[in-house]
Amino acid sequence: MSVFAVLDAVFIGIALLLTLWFAVILLTGSFTLRWRSLTLLVLFWFVVSYLLLPRLHQVFALVYVPDYFIGRTKTQDGVLGDPVNLAFDGSESDIHVAMQRAGWVLADPITLGSSWKIVVSSLLGRSYQKAPVSDLYLFGKPHDFAYQQEVAGSAKQRHHVRFWKVPEGWILPGGHRADWLAAGTYDRSVGLSVFTFQVTHKIDEDTDLERDYIVNTLRFTDPLVRVRVIEDFSTAYHHRNGGGDRVRTDGHLPVVDVGGATERGQSELNEIDYSSQSKRRKSVVDHAVPPMSLIGAGTLVVFHAASIVLFWVTFITSRISFAEVGGWSGLLTSIALSGGVLLELFLWIAMLARRRWARIGLMFFSIALAGRALLDLELNTNLPFVTLLHAMIAVLVVLIISGNSAREWVSKGSKDREIVMVEPLR
């Protein structure tokens, strides 16, 4: 085991403990401060549901979830997700044309705008036919694209199916081959996840019914679509997906052959950019765009730096006095903190350049900042808002930098540089 792997395990454990510590502070604070009790309880729910429990699941998943194909997708935290209940033969163009002819709509990629739009549409019962679906992973990557059908003009209920391109030369268990694998489920309502208490869609447990519905819509609009069924592809089972919803399946895997759908149906479709989502995912890889989590961590670091700049502007313009900053000791502390923030910003920029040492340095620095902020909260029963905010930012940065996406980002850069180093001279 490499030094970096050991450090990763240590960082994940420390991040988990810091998040738990922060959650306890928020919970105990909600019982001592009456006028802010509701706010602290909401923050407690957010920290537990979106930070603490997902990280716990990530740790457990590393231990007990197999790292090979078992007919199940995985969530971003590594928890078993929806079953793989469909396979396809044909090109990407064939799938897009066949799905659109059958009345399916390509889902939007996940962005801040689309995420906000689906929240509003779900709460107000408005239509959002291209609503994004959460990322599920297969072959170590998120789905290439997804299709859906909205029910009754509301984003709360919908049919949807995710698609993954099968790696070159990969063979299904039993020696079967397919070009694409897919997971289709039906969202019956919006609720709280059983495992994390996050707001999410709840799926219908009879995934076989949704699987058959998808196949029937394709065959109804294109009689030349052929289907063969791999019986008992997986053992029939009752289980739960990543959101804690019950899943029931007979284990059969239909293989849908949509080959030639492009030639048969392209004339019926207007010029639609059907591959917008898959192109977007490929562009992230091709152009080495940093993961959203790393960009989010940078936003927090910049916010932290902006608060320090604001302090110095206020101090220089004499809006706060020398005594108010705590005299010479307070001023020296502020100078040291400013230097620390500049170091934090430098390390984050180095991480963008895929420097593994920068991630290690930023982890140590962020853990120190988070520990100091949480200790201040422990010693100060008044829980000042600024200290609370700095503590949350520090804990968030620790969680993000210790996560899978940040580790994979710098690891990829390290491997690329190693390849360049061993390339023979010409």
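The following is a working chat about a predicted model of a protein.

Me: How many helices and strands are there in the protein?
Reply: The predicted model has 12 helices and 14 strands.

Me: And what share of the residues counts as buried?
Reply: Of the 426 residues, 46% count as buried. The accessible surface of the protein comes to about 22,100 Å², and carbon and sulfur atoms account for 64% of that surface.

Me: What about contacts between residues at least 6 apart in sequence: what share joins residues at least 24 apart?
Reply: Among those contacts, 67% join residues at least 24 apart.

Me: Let us turn to H3. How many of its residues are buried?
Reply: In H3, 9 of the 10 residues are buried, so the helix is largely enclosed by the rest of the structure. Among them are Glu-92, Asp-94, His-96 and Met-99.

Me: Tell me about His-96. Which side chain does it contact?
Reply: His-96, which belongs to helix H3 (residues 92-101), has a side chain in polar contact with the side chain of Tyr-147, at 2.6 Å. The relative accessible area of His-96 is 0%, so this residue is buried.

Me: What comes just after H3?
Reply: Gly-103 is found there, with a positive phi of about 90°.

Me: Which residue other than glycine takes a positive phi near 60°?
Reply: Phe-139 does, with phi near 60°. Phe-139 sits in the loop between strand S5 (137-138) and strand S6 (141-142), and its relative accessibility of 26% makes it partly exposed. Asp-232 is another residue that is not a glycine and has a positive phi, of about 55°.

Me: Why single those out?
Reply: Most residues other than glycine have a negative phi.

Me: Where does Asp-232 lie, and is it buried or exposed?
Reply: Asp-232 lies in the loop between strand S11 (226-230) and strand S12 (237-240). Its relative accessible area is 58%, so Asp-232 is exposed.

Me: Salt bridges next. How many does the structure hold?
Reply: The structure holds 10 salt bridges. One of them joins the side chains of Arg-158 and Asp-187, with N to O at 2.8 Å. That pair links distant parts of the chain, with Arg-158 in strand S8 (residues 154-165) and Asp-187 in strand S9, 29 residues apart. Arg-158 and Asp-187 are both buried.

Me: What else is in S9, around Thr-185?
Reply: Thr-185 is placed in strand S9 (residues 180-192), and it is buried, at 1% relative accessible area. Leaving aside neighbours within four places in sequence, the contacts of Thr-185 include Arg-158, His-159, Thr-207 and Glu-210.

Me: Thr-207 is in H5, I think. Which residues of H5 are buried?
Reply: The buried residues of H5 are Thr-207, Asp-208, Glu-210, Arg-211, Ile-214, Val-215, Thr-217 and Leu-218.

Me: What span should H5 have?
Reply: The 15 residues of helix H5 (residues 207-221) should span 21 Å at 1.5 Å a residue, and the end C-alpha atoms are 22 Å apart, which agrees.

Me: Which residue forms a salt bridge with Arg-211?
Reply: Asp-208 does, the closest N and O atoms being 3.4 Å apart. Both residues lie in helix H5, 3 residues apart, about one turn of the helix.

Me: Why would that spacing matter?
Reply: An α-helix has 3.6 residues a turn, so residues three or four places apart point the same way.

Me: Are Arg-211 and Asp-208 buried or exposed?
Reply: Arg-211 is buried, at 4% relative accessible area. Asp-208 also counts as buried, at 11% relative accessibility.

Me: What is the partner of Asp-222?
Reply: Asp-222 forms a salt bridge with Arg-264, and the closest N and O atoms are 2.9 Å apart. This pair links distant parts of the chain, 42 residues apart: Asp-222 is in the loop between H5 and S11, and Arg-264 is in helix H6 (residues 261-265). Asp-222 is buried, at 6% relative accessible area, whereas Arg-264 is partly exposed, at 26%.

Me: Which residues do salt bridges with shared partners join into one network?
Reply: Asp-208, Arg-211, Asp-212 and Asp-250 are joined in that way.

Me: Finally, the surface. Which residues make the nonpolar patch of about 480 Å²?
Reply: Trp-116, Val-119, Leu-123 and Leu-124 make that patch. Trp-116 is in helix H4 (residues 112-124) and counts as exposed, at 61% relative accessibility.

Methods:
Residues numbered from 1 in each chain as written. Predicted model: local features only at pLDDT ≥ 70, side-chain atom pairs only at ≥ 80, totals over all residues. Heavy atoms only, no water. Helix = DSSP H or I, 4+ residues; strand = E, 2+ residues; numbered from the N terminus. Buried < 20%, exposed > 50% of the residue type's maximum accessible area, 1.4 Å probe, protein only. Polar contact = N/O pair within 3.5 Å; in protein donor to acceptor, adjacent residues only side chain to side chain. Patch = residues over 30% accessible without salt bridge, like charges linked within 9 Å, V, L, I, M, F, W, Y side chains within 5 Å. Areas by Shrake-Rupley, 256 points an atom, 1.4 Å probe, with all protein chains shown as cover. Salt bridge = Lys/Arg side-chain N within 4 Å of Asp/Glu carboxyl O. Contact = heavy atoms within 4.5 Å. Expected span 1.5 Å × (residues − 1).
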